[in-house]
There are 2 protein chains.
Amino acid sequence: MSQRNTAVPEQLKTLEDADLLLESGECPVPPREILDRIAGKWAILIVVATARQPRRFTELERLIEGISRRMLTLTLRNLERDGLLERTVYPTVPPKVEYRATEMALELYEAMLTITNWSRKHSSCVAASRRRYDERRAAEAEHI
Amino acid sequence: MSQRNTAVPEQLKTLEDADLLLESGECPVPPREILDRIAGKWAILIVVATARQPRRFTELERLIEGISRRMLTLTLRNLERDGLLERTVYPTVPPKVEYRATEMALELYEAMLTITNWSRKHSSCVAASRRRYDERRAAEAEHI
DNA sequence: CAGTATCCATGTGGATACTG
DNA sequence: CAGTATCCACATGGATACTG
């Protein structure tokens, strides 16, 4: 993966091809949308929290530190709508609702781990690059 | 990948572990930040555009449809700072500047393709789930 | 308990005039 | 040409009062 220079497929010559890859006309749901979904601050955390066992609303609110009630609701709805979360209502008093990640969601999470792996692999390199960049800019700012 | 139920690692029992995975204390640059970077609307398009050949500022502005001058500059700076883009200045008049994706960036793009692949694989399933969800909600709204 | 509705602060991003 | 600076519109998201 790292020795070859073929990360971008050979047939990918123009940016229009990239659009096909990323915005994709044939897909009912474009990759861009999926990306936006998982890029949200909370979605993945919810998927992880509900991966191994069903979780209740308040339980998630406690588990996921810093999430607001509003954002929890919104994210849960979106995930449910996309079929990434299964919502089960027990018609008791008081009500009990459980959320659980679907198999599809777990696969998405697994795919997401490739990004995480990249991060881990190159993290210090990126950090070093940032230091160099910032120092260079600071130096320039000085002698002006 | 799809027959096993181990998308979430066995040792991942609590959400704190997930935090370690996603927000990661040991990483100088947390995965979350990388995710935000590539989730931006433009970064990946720029990486793709500069993958096979160096591109000039105005060239990118034309290639990447819909990007504003401001966002192009901002995204280029961020990518350069992170070491994902190499910026070369030719001190001519008028100035000429070229951007080119680094090897690291191409690897990240490749990793990102796993997400795209997930999308393609499950796209119609997600779309179907959305239809069902929307219809259900519409039905509920009616008999109220 | 599991939400919904509302208000408000902040950030993100577009358009564009200006400059070395 | 390759940007920077400025202004502004809008979406995102937090806090929280209220409800079935």
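**View 1. Arg77(B) and other polar contacts to DNA strand D.** In this predicted model, a polar side-chain atom of Arg77(B) lies 2.9 Å from a phosphate oxygen of DNA strand D, a polar contact being a pair of N or O atoms within 3.5 Å (within protein, one must be able to donate a hydrogen and the other to accept it, and residues adjacent in sequence count only if both atoms are side-chain atoms). Two or more residues of the surface near DNA strand D are given by each of helix 5 of chain A and helix 4 (57-63), helix 5 and strand 3 (96-101) of chain B, where helices (H or I, at least four residues) and strands (E, at least two) are DSSP runs, numbered from the N terminus.

**View 2. The surroundings of DNA strand D.** Around DNA strand D there are 19 residues, and Met71(A), Thr58(B), Thr73(B), Arg87(B) and Tyr99(B) are the closest; a residue is near a molecule or strand if one of its heavy atoms lies within 4 Å of it. Sugar or phosphate holds 61% of the atoms of DNA strand D within 4 Å of the protein, and the rest belong to bases. Helix 5 of chain B provides the largest share of this surface, 4 residues. The surface near DNA strand D has 8 nonpolar, 3 polar and 8 charged residues, with Ala, Val, Leu, Ile, Met, Phe, Trp, Tyr, Cys and Pro counted as nonpolar, Asp, Glu, Lys and Arg as charged, and the others, Gly among them, as polar.

**View 3. The surroundings of DNA strand C.** A base nitrogen of DNA strand C is 2.6 Å from a side-chain N or O atom of Arg70(B), whereas a polar side-chain atom of Arg87(A) lies 2.7 Å from a phosphate oxygen of DNA strand C. Pro95(A) has a backbone N or O atom 3.4 Å from a sugar or linking oxygen of DNA strand C. Helix 5 of chain A gives the largest share of the surface near DNA strand C, 4 residues, and by class this surface has 8 nonpolar, 3 polar and 8 charged residues.

**View 4. Helix 2 of chain A against helix 2 of chain B.** These helices, residues 31-39 in chain A and residues 31-39 in chain B, pack at an angle of about 150 degrees with their axes 10 Å apart; axes are lines fitted to C-alpha atoms, for helices over the stretch in contact, and angles run from 0 to 180 degrees between N-to-C directions. Helix 2 of chain A is therefore roughly antiparallel to helix 2 of chain B, a term for angles over 145 degrees. The contact (heavy atoms within 4.5 Å) includes Leu35(A) and Ile38(A) of helix 2 of chain A and Leu35(B) and Ile38(B) of helix 2 of chain B. The residues of this contact divide into 6 nonpolar, no polar and 4 charged.

View 5. Val93(A) and Pro94(A) are joined by a cis peptide bond, with omega about 0 degrees, and Pro94(A) has its place in the loop between strand 2 (85-90) and strand 3 of chain A. In chain B, a cis peptide bond joins Val93(B) and Pro94(B).

**Notes.** Residues are numbered from 1 along each chain as its sequence is written, while chains are lettered from A and ligands numbered from 1 in the order in which they are written. In this predicted model local features need pLDDT of at least 70, side-chain atom pairs count only at pLDDT 80 or more, and totals for chains, interfaces and linings use all residues, while side-chain values use heavy atoms, with hydrogens and water left out.

Definitions and conventions
Angles under 35 degrees count as roughly parallel, over 145 as roughly antiparallel, 65 to 115 as roughly perpendicular and the rest as oblique.
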